[in-house]
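Subject: Structure handover

Hello,

My notes on it come after.

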Amino acid sequence: MYNVINLPYPYYALEPIIDEKTVNIHYNKHHKKYMENLNKLTNYIMPLEEIPKRINEFPIKDRGDILYNAGGILNHNLYWQSLNPNSALPKGKLLNKINETYGNFNNFKNEFITKSKKLVGSGYTFLVTDNDGNLSIINMANQETPLSYNLTPLFTIDLWEHAYYLKYQNNKNTYIENIWNKTNFDHASRIYQSLF
Ligand code: MN
């Protein structure tokens, strides 16, 4: 059976940037719904991360739904791991590469925020690496995952309305800016360190 990660902190942990109710509904209703849907569509036949790369091994009629729901689990897993009550900057090889690519962390952060504000509709902004370790900031629609494009997602911000609407209503840009008080790059740093 496919599963979501355990939330790495209590529902209230991201207050006051993201309220307890939003995290509770987002994790238990939205995130877990993708898991329920995927388990209705298929038995466990490969690790979750391999589904986007091996989608042609599933029946043609189910591929769209399987990809969508697998993406929904993976993207939310990464989102929860990109946030923490204890904010942390990138470390080690990832920090070096960010400095090399963007000049410094603050420039990187500003580029990421600018990209997030440009997303139209529902989706995510990702920090990704290609197979050579080059970093990019990209937007993906709905539950698309960078894994489908041979890119490894390191860090993401969920920009669906359900991620912020209870507290921020139509003020999406305020959410996009405030959330950087709770971003944590320990997970991203670990993935990047293990790859390069
Ligand atoms: Mn979401």
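Overall fold

This is a predicted model. The protein chain has 7 helices and 3 strands, and from the N terminus on these elements run α-α-α-α-β-β-β-α-α-α. The radius of gyration is 16 Å, close to the 16 Å that the globule rule gives for 196 residues, so the protein chain is as compact as a globular protein of that length. Along the principal axes, the C-alpha atoms fill a box of roughly 45 × 40 × 30 Å. Of the 196 residues, 48% are buried. Among contacts with a separation of 6 or more, 70% are between residues 24 or more positions apart.

Metal site

Four protein side chains are listed for the manganese ion: His26 and His76 through NE2, Asp158 through OD, and His162 through NE2. With buried meaning under 20% relative accessible area, His26 qualifies because its value is 1%. His76 is buried as well, at 0%.

Helix H4

Helix H4 covers residues 105–118, which is 14 residues. From its first C-alpha to its last, H4 reaches 20 Å, close to the 20 Å expected at 1.5 Å a residue.

Which residues of H4 are buried? They are Phe105, Phe108, Phe112, Ile113 and Ser116. These residues cover an arc of only 135° around the axis, and therefore sit on the same side of H4. What covers the buried residues of H4 includes helix H3 (92–102) and helix H6 (172–178), along with strands E1 (123–129), E2 (135–141) and E3 (152–158).

The N-terminal end of H4 is capped by Asn104, with a side-chain oxygen of this residue 3.1 Å from the backbone nitrogen of Asn106.

Backbone details

As background, most residues other than glycine have a negative phi, and most peptide bonds are trans.

- Glu15 and Pro16 are joined by a cis peptide bond, with omega at about -5°. Pro16 is in the segment before H1.
- Asn142 has a positive phi, near 55°, and is not a glycine. Asn142 is located in the loop between E2 and E3, and counts as partly exposed because its relative accessibility is 39%.
- Gln169 also has a positive phi without being a glycine; the value is near 45°. Gln169 lies in the loop between helix H5 (165–168) and H6, and counts as partly exposed because its relative accessibility is 36%.

Regards

Definitions and conventions. Residues are numbered from 1 along each chain as its sequence is written. This is a predicted model: local features need pLDDT of at least 70, side-chain atom pairs count only at pLDDT 80 or more; totals for chains, interfaces and linings use all residues. Side-chain values use heavy atoms; hydrogens and water are left out. Donors are N, O and S atoms within 2.8 Å of the metal (3.2 Å for Na, K and Ca); water is not among the atoms, so sites may look incomplete. Buried means under 20% relative accessible area, exposed over 50%, partly exposed in between (1.4 Å probe, protein chains only). Helices (H or I, at least four residues) and strands (E, at least two) are DSSP runs, numbered from the N terminus. The expected span of a helix is 1.5 Å times one less than its number of residues. The arc is that of the directions from the helix axis to the C-beta atoms. Contact means heavy atoms within 4.5 Å. A polar contact is a pair of N or O atoms within 3.5 Å; within protein, one must be able to donate a hydrogen and the other to accept it, and residues adjacent in sequence count only if both atoms are side-chain atoms. The radius of gyration is taken over C-alpha atoms; the globule rule is 2.2 Å times the number of residues to the power 0.38.
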